[in-house]
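Subject: A structure for you to explore

Hi there,

Here is the structure I promised to send you. Have a look at it first, and then read on for what I found.

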Amino acid sequence: MNTPPSPPGAERTDGSSVRIGVLVPLTRPGWVEAGRHLLAGLELAVREVNDSGGIVGRPLELVVRDTAADPQRAAAAVDELARLGVAALAGEYHSVVARAAAARADALGLPFLCSSAVLDALTEQPTEWVARLAPAQSHGWQIYADFLLSAGHSRVAVAAEPSVYWASGTRILRDYLAPRGGTVIELDMRALTPTAVCDELLDNRATALLLLVGHPEPAVSIVTSVRHDQRLAEIMIGAPAGQPEFTEWARLLGDDGAAIPFLRYLPERLSPLGARVETALRERLAEAPSFVAFEGYDTVAVLAEVLRSHGADRARTAESWPRVAVEGTRGQIQFSRTPGISVWQWAWTPIQVVDRDPAEPDRFRILHVG
């Protein structure tokens with residue numbers, strides 16, 4: 001005798017878990033510290049969901065795969081996670097990797113809530129399957145360009161490595177600064193040593209240098225060279241992609257790593273929920289949580305609410321993106337269609353330009369708010 005099919009969204013109460021596939025960079029050349037913070041936020045939120053009854057009586061479970069910043073590895077992991085029957089996909093920090101994962105998720109009909117990647121064109125074509133918490137690169141980097149202009153920097157050099165993400169960042173900065181009298185000078189880090197960067201900065205009369213390069217190298221070597229060149233005492237170094245956010249930066253560079261402004265996606269003041277989560281994350285990480293850890297927590301908060309309301313059916317999860325209204329650690333999370341963005345987008349998480357205080361490098365100073 002055939003068992004009649006369960007109605008859509010019907011939940012089993014046999015204790016079997018609802019599984020979410022997670023993509024995070026946990027080994028080099030991935031940005032390991034970012035991956036660790038992202039995973040800590042995801043895991044904390046899952047623990048809290050399960051402590052409060054799970055997903056209609058079923059425990060929530062993460063199935064974690066390390067992307068190591070490799071797009072092909074990420075795409076293969078999406079295939080594997082889809083076969084394993086995960087209800088949705090979450091995570092990823094690196095934009096180029098998230099783009100590969102989003103393409104596979106879209107092709108397979110697997111809902112993907114991207115936590116951290118900012119590349120505007122996360123998918124080639126508009127998709128219903130993918131939503132994103134992090135602000136689009138064009139939005140955040142225009143705020144950073146505003147900060148540069150307000151600080152008096154109109155001749156801006158970018159030390160750039162080849163990648164879609166860095167090329168996109170350079171284009172955003174140039175398009176924003178040029179009509180406002182600014183100039184972007186590209187320094188190709190395939191052709192230049194960190195020492196040669198110093199000569200280029202002088203020759204081009206740049207007043208700011210932006211690090212559009214990998215972490216820790218060559219970013220750390222470039223900072224060291226510029227900081228120790230007497231001729232460049234007045235130059236501002238900046239890192240819009242957020243390299244100075246993590247403790248490894250301060251450990252590797254010490255005082256040289258201070259006063260380097262970067263983008264951070266936090267409000268000026270955390271809500272009671274944000275403050276409570278910050279305390280729990282600090283305990284879990286044994287250090288101050290980065291904004292990436294909050295992105296991880298908020299990812300699970302959204303997915304848990306969707307799964308409770310609509311069940312673990314993939315199509316119904318994707319259909320629910322425009323109806324999401326969840327209190328996250330950094331504000332009310334809702335998704336909309338934003339011009340020029342191919343996925344469902346939270347518009348926008350709070351954005352700050354901050355740096356490490358030279359007088360106290362473990363403390364962050366808010367320099368500009370978008």
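In this predicted model, 70% of the contacts with a separation of 6 or more are between residues 24 or more positions apart.

The overall picture comes next. The protein has 11 helices and 16 strands. Its radius of gyration is 21 Å, close to the 21 Å that the globule rule gives for 370 residues, so the protein is as compact as a globular protein of that length. Along the principal axes, the C-alpha trace spans about 85 × 40 × 35 Å. Of the 370 residues, 55% count as buried. The protein exposes about 15,000 Å², and carbon and sulfur atoms supply 50% of that area.

How far can you trust what you see? The average pLDDT of the protein is 95, and 96% of the residues score at least 70. Please be careful with residues 1-13, though: pLDDT stays under 50 there, and the model has 10 contacts beyond four places in sequence for this stretch.

There is also something from a record. An unreviewed UniProt entry carries the annotation "domain: Leucine-binding protein" for residues 17-338. In the model, that span is 44% helix and 17% strand, and its end C-alpha atoms lie 34 Å apart.

Cys-114 is buried, with a relative accessible area of 0%. Cys-198 counts as buried too, at 2% relative accessibility.

Next, find Thr-123, which lies in the loop between strand 4 (112-114) and strand 5 (130-132). Is Thr-123 buried or exposed? Its relative accessible area is 6%, and the cut-off for buried is under 20%, so Thr-123 is buried. Leaving aside neighbours within four places in sequence, Thr-123 is in contact with Ala-102, Val-130, Ser-342 and Val-343.

Gln-345 and Leu-148, by contrast, are 197 residues apart in sequence and 26 Å apart in space, C-alpha to C-alpha.

Ser-163 gives you another loop to visit, between strand 6 (155-160) and helix 5 (164-177). With a relative accessible area of 26%, Ser-163 is partly exposed. The C-alpha atoms of Ser-163 and Gln-137 are separated by 14 Å, and the two residues are 26 residues apart along the chain.

Finally, have a look at the backbone. Where are the cis peptide bonds that I came across? One runs from His-215 to Pro-216, with omega near 5°. Pro-216 is found in the loop between strand 8 (208-212) and helix 7 (219-227). Another joins Ala-347 and Trp-348, where omega is about -5°. You will find Trp-348 in the loop between strand 14 (344-346) and strand 15 (352-357).

Positive phi values turn up as well. Ala-69 is a residue other than glycine, yet its phi is positive, near 60°. Its place is in the loop between strand 2 (60-66) and helix 2 (71-83), and Ala-69 is partly exposed, with a relative accessible area of 23%. Arg-205 is not a glycine either, and its phi is positive at about 55°. Arg-205 sits in the loop between helix 6 (194-203) and strand 8 and counts as exposed, at 58% relative accessibility.

Enjoy exploring, and write back with any questions!

Best wishes

Key. Residues numbered from 1 in each chain as written. Predicted model: local features only at pLDDT ≥ 70, side-chain atom pairs only at ≥ 80, totals over all residues. Heavy atoms only, no water. Buried < 20%, exposed > 50% of the residue type's maximum accessible area, 1.4 Å probe, protein only. pLDDT = per-residue confidence, 0-100. Contact = heavy atoms within 4.5 Å. UniProt positions renumbered as here; feature names shortened; annotations may be inferred. Helix = DSSP H or I, 4+ residues; strand = E, 2+ residues; numbered from the N terminus. Rg over C-alpha atoms; globule rule 2.2 N^0.38 Å. Areas by Shrake-Rupley, 256 points an atom, 1.4 Å probe, with all protein chains shown as cover.
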